[in-house]
Amino acid sequence: MEKVSVSVLRDIARIVAQVGQKLLQHGAESAVVVNVSQRVGLAMGAEEVDIALTANAIVVTIRRQGHCMTTTRRCRDHGINMAVITRIHHVCIMAEKGLLDHRTLAKRLDRIQPQRYPPVLVTVMIGLSCGAFSILAGGDGKIAAITALAAAAAMALRLMMAQHHFNPLLTFAAAAFVATSVSAIAPLFGWGNQPFLAMASSVLLLVPGFPLINAVADMVSGFVNLGISRWVMASLLTMATSLGIVAAMNLFNVWGWLA
């Protein structure tokens with residue numbers, strides 16, 4: 001096998017592994033990870049691309065001209081970011097149309113970085129969204145204001161702890177504790193028409209909806225092991241949230257909707 005062919009095969013394997021790694025790290029479901037990674041490999045000249053996924057790693061095998069190369073990448077959770085997934089899809093389509101060679105594609109992938117909204121904006125919008133949920137559930141203006149304050153405080157804490165790389169379970173428990181503690185003001189002082197709505201609505205930001213949806217989608221698509229691991233992680237996050245809620249209710253002796 002010529003040296004140039006080895007170099008090209010190695011570059012293709014690295015590109016495919018990087019594509020799959022980025023997709024898996026930012027919340028893409030398993031079928032999308034495998035499909036897009038294989039499309040990129042075939043567009044780069046590979047004859048066959050095999051992908052194996054685990055809960056925290058991706059294994060890629062590239063076959064070309066009777067030779068193969070396998071590479072593995074560890075996948076750390078970087079949070080859900082659909083902008084990254086969308087940009088990788090665009091790069092994949094450009095490669096399939098022949099607009100990118102493997103060197104240019106590698107440079108494009110290196111430039112794809114998560115785009116984050118300003119923390120203050122995220123905090124405010126989360127507060128407003130939870131406040132709107134409380135109104136939809138029948139709460140009045142006071143309930144909406146307390147809910148928004150509690151949810152914003154919980155989100156601010158969650159972002160701060162995530163920035164300092166705290167364990168996600170601890171982050172969710174602490175955020176749930178803060179949200180429930182702040183919203184407990186409503187039933188303690190009898191504010192609003194339905195005081196306990198604030199306690200229920202302020203923790204909606206901690207519902208792991210996307211991981212649960214991905215878990216079901218993975219299992220339906222045949223990626224049972226990865227789907228189960230995502231389901232377990234989402235269940236643990238839900239349990240951590242519940243512990244934070246119960247701890248705050250026990251501290252203030254306000255049980256509300258759990259009574």
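Modeller: Here is a walk through the pocket, the overall build, and a handful of individual residues.

A word on the basis first: this is a predicted model, in which local features need pLDDT of at least 70 and side-chain atom pairs count only at pLDDT 80 or more, while totals for chains, interfaces and linings use all residues. Residues are numbered from 1 along each chain as its sequence is written, and side-chain values use heavy atoms, with hydrogens and water left out.

Now to the pocket. The largest pocket holds about 2,100 Å³ of space. A pocket here is an open set of points on a 1 Å grid over the protein atoms alone, where a 1.4 Å probe fits, with protein on both sides within 12 Å along at least five of seven lines; lining residues have an atom within 4 Å of a point. Its volume is the space filled by probe spheres set on the points, which are joined across faces, edges and corners. The lining comprises 45 residues, and Asp77, His78, Gly79, Ile80 and Arg158 lie nearest the centre.

Which residue classes make up that lining? It has 25 nonpolar, 15 polar and 5 charged residues. Nonpolar covers Ala, Val, Leu, Ile, Met, Phe, Trp, Tyr, Cys and Pro, charged covers Asp, Glu, Lys and Arg, and the others, Gly among them, count as polar. Several helices each give at least two residues to the lining of the largest pocket, including H1 (3–25), H3 (82–96), H6 (141–163) and H11 (224–252). Helices (H or I, at least four residues) and strands (E, at least two) are DSSP runs, numbered from the N terminus.

Stepping back, the protein has 11 helices and 3 strands. Reading from the N terminus, the order is α-α-β-β-β-α-α-α-α-α-α-α-α-α. The C-alpha atoms fill a box of roughly 80 × 30 × 30 Å along the principal axes. The radius of gyration is 23 Å, whereas a compact globule of 259 residues would have one near 18 Å; the value is taken over C-alpha atoms, and the globule rule is 2.2 Å times the number of residues to the power 0.38.

Of the 259 residues, 41% are buried. Buried means under 20% relative accessible area, exposed over 50%, and partly exposed in between (1.4 Å probe, protein chains only). The protein exposes about 13,400 Å², with carbon and sulfur atoms supplying 63% of it; these areas come from the Shrake-Rupley method with a 1.4 Å probe. Contact means heavy atoms within 4.5 Å. Among contacts between residues at least 6 apart in sequence, 64% join residues at least 24 apart.

Leucine 24 sits in helix H1 and is buried, at 10% relative accessible area. Beyond its neighbours within four places in sequence, leucine 24 is in contact with Val33, Leu53, Thr54, Ala57, Cys75, Leu226 and Arg230. Helix H6 holds methionine 155, which is buried at 8% relative accessible area. With neighbours within four places set aside, methionine 155 is in contact with Val122, Thr123, Ile126 and Leu205. Glycine 141 also belongs to helix H6, but glycine 141 counts as exposed, at 55% relative accessibility.

Two further buried residues lie in other elements. Threonine 71 is in strand S3 (residues 67–74), with a relative accessible area of 14%. Not counting residues up to four places away, threonine 71 touches Ala13, Ala17, Ile58, Val59 and Val60; the C-alpha atoms of threonine 71 and valine 59 are separated by 5.9 Å. Serine 201 is in helix H9 (residues 196–201) and has a relative accessible area of 4%. With the residues up to four places away left out, serine 201 touches Cys130, Phe133, Ser134 and Thr147.

Finally, a point on backbone angles. Most residues other than glycine have a negative phi. Histidine 165, in the loop between H6 and H7, has a positive phi of about 60 degrees, and histidine 165 is exposed, at 72% relative accessible area. Asparagine 253, in the segment after H11, has a positive phi of about 55 degrees and is exposed as well, at 60% relative accessible area.
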